[in-house]
Amino acid sequence: MSIATTERTAVCLTPTVRSTPVALGPLAAVTGADEYAPLRDGATVRYANFDYAASAPALIEVQNAVQEALGEYASVHRGAGHLSQRSTSRYEQAREIVAEFVGARADDHVIFTGNTTDSINLLAACVPGEVVVLDCEHHANLLPWKKIGARVISAPLSIEGTLEVLEKELSSRPAALVSVTGASNVTGEVLPIRRLAALAHRHGARIAVDGAQLVPHRRISLRESGVDYLAFSGHKLYAPFGSGVLVGRADWFDEAEPVRCGGGASYEVIGTPVAKTVEVAWHTGPARHEAGSPNVLGAVAIGAACEAIARLGEDAIARHERFLTDLLLTSLERIDGVRTLKIWADSTERVGIVAFTVEGRAPREVAEFLSSEYGIGVRDGKFCAHPVVNRLGCYDGAVRASIGLGTGENDVRRLVRALEDLSARQK
Ligand SMILES: Cc1ncc(COP(=O)(O)O)c(C=O)c1O
């Protein structure tokens, strides 16, 4: 088998892509869509990106917004000059757009961070009590909690079982916070966030959602879901300019000592030479946790991504992704030796992430084959979620294909053909 001749080119020929009228195309234009990848035999092929879950390309709208903001870029917050005011206004506008996009309550804080990891570490520094977390999490939603002594619960093999175990844990000993993933970065399975929020609240706990994999795929409203805190990354939301978000209830943020201390977080610092010290009065509000010069372009990028995704519409995104994910899953399940992974036997919803193993092949070997023979980029390994990948029996890791707004049906069909080819080859 080989790549369709429409997608593959001989070396030195100008790449051309003939559209196939019946195939479902990408839902949105993204950067890198016309990139050609070199193959082992010297030809090139249009790069098929199946690594959205690690880092998504920028939406063209995001690229344009950043370009425009760059043209007027200047310092923020402390300047009276024209461009300083323009940059400040863009930064604060991005905050409002994000608040609207995630259905924040009027008194929630939207804090710009570096990424999801940064957001969860910040929240961990603000929680005024015990935390409960599941062991199936990405390390970003596990290790910051472990550091502050969280209770780590082993997630049973069903969602109903997981809810029961959490219910039992919170009834036996109260906690201030439960922190869960919105969608698994290994399997894409989605947890029932509203039910989890209601469960936590019944026991007097708040709930934080690691939205790194959920927010790029599904709309979530803090107001409607009851979620207290949400963390996510710009670079997984088609806005790879170094910013992330932590949004949620103001009181813990306003009462906690800032983790990063410096200018911007403090509104008054008084030197007391006799005592050889300084007294600091910290801001309340997002500024308290945004010390230092903020990443204006990162925030602008996230704001532009939120607006572009909202314009595309939740239904269109879900339809596009469901079609491609179902096509990929059903096709993979028909290939000899390919096993797709699932954490919870009763899960019914997933975002566009499919992890699998190929019998007798190391995940890295599969990933290298897909890249060098078919120009396909996937991720292999344990995806920074070692406990759950081990629990799924994949001690050497697995391969993960993740889909996004720039993925088309032809990409999925190429991935399936490649795996059929690999499965048919003699070891
Ligand atoms: C579910 C989940 N949470 C957190 C993270 C960490 O995100 P970041 O690397 O942007 O901090 C990731 C990254 O892959 C993830 O998939």
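Colleague: Which residues touch the most other members in the largest nonpolar core?

Modeller: Happy to take you through that part; do keep in mind that this is a predicted model. The largest nonpolar core has 82 residues, and L59, V62, V180, L230 and F232 are the ones that touch the most other members. Helix α9, residues 296-312, gives the most to this core, with 11 residues. At least three residues come from each of domain 1 (36-57 + 313-425) and domain 2 (60-312). In general, nonpolar side chains tend to be buried together in soluble globular proteins.

Beyond its neighbours within four places in sequence, V180 is in contact with L134, E137, N141, L191, I193, L196, I207, A208, V209 and D210. There is also a second, separate core of 28 residues, which includes A48, V338, Y374 and L422.

The two domains themselves have centres 29 Å apart, taken over C-alpha atoms. Between them, 38 residues of domain 1 are in contact with 35 residues of domain 2.

Now to helix α2 (residues 82-101), where S87 lies. S87 counts as buried because its relative accessible area is 3%, under the 20% cut-off. Leaving aside neighbours within four places in sequence, its contacts are E72, Y73, A74, S75, V76 and V296. From S87 to L297 is 9.0 Å, C-alpha to C-alpha, although 210 residues separate them in sequence.

R90 is buried at 14% relative accessible area, whereas E68 is exposed at 56%.

Helix α2 also holds R95, while E290 sits in the loop between β13 and α9, so their pair ties together parts that are 195 residues apart in sequence. The closest N and O atoms of E290 and R95 are 2.8 Å apart. Both ends are buried, E290 at 8% relative accessibility and R95 at 10%.

A further salt bridge, between D228 and R249, has an N to O distance of 2.5 Å. D228 is buried at 2% relative accessibility, and R249 is partly exposed at 25%. To finish, salt bridges that share partners join E68, E72, R86 and R90 into one network.

Note on methods
Residues are numbered from 1 along each chain as its sequence is written. This is a predicted model: local features need pLDDT of at least 70, side-chain atom pairs count only at pLDDT 80 or more; totals for chains, interfaces and linings use all residues. Side-chain values use heavy atoms; hydrogens and water are left out. A nonpolar core is a set of buried Ala, Val, Leu, Ile, Met, Phe, Trp, Tyr and Cys residues joined through side-chain atoms within 4.5 Å. Buried means under 20% relative accessible area, exposed over 50%, partly exposed in between (1.4 Å probe, protein chains only). Helices (H or I, at least four residues) and strands (E, at least two) are DSSP runs, numbered from the N terminus. Domain bounds come from an automatic or database domain assignment. Contact means heavy atoms within 4.5 Å. A salt bridge is a side-chain nitrogen of Lys or Arg within 4 Å of a carboxyl oxygen of Asp or Glu.
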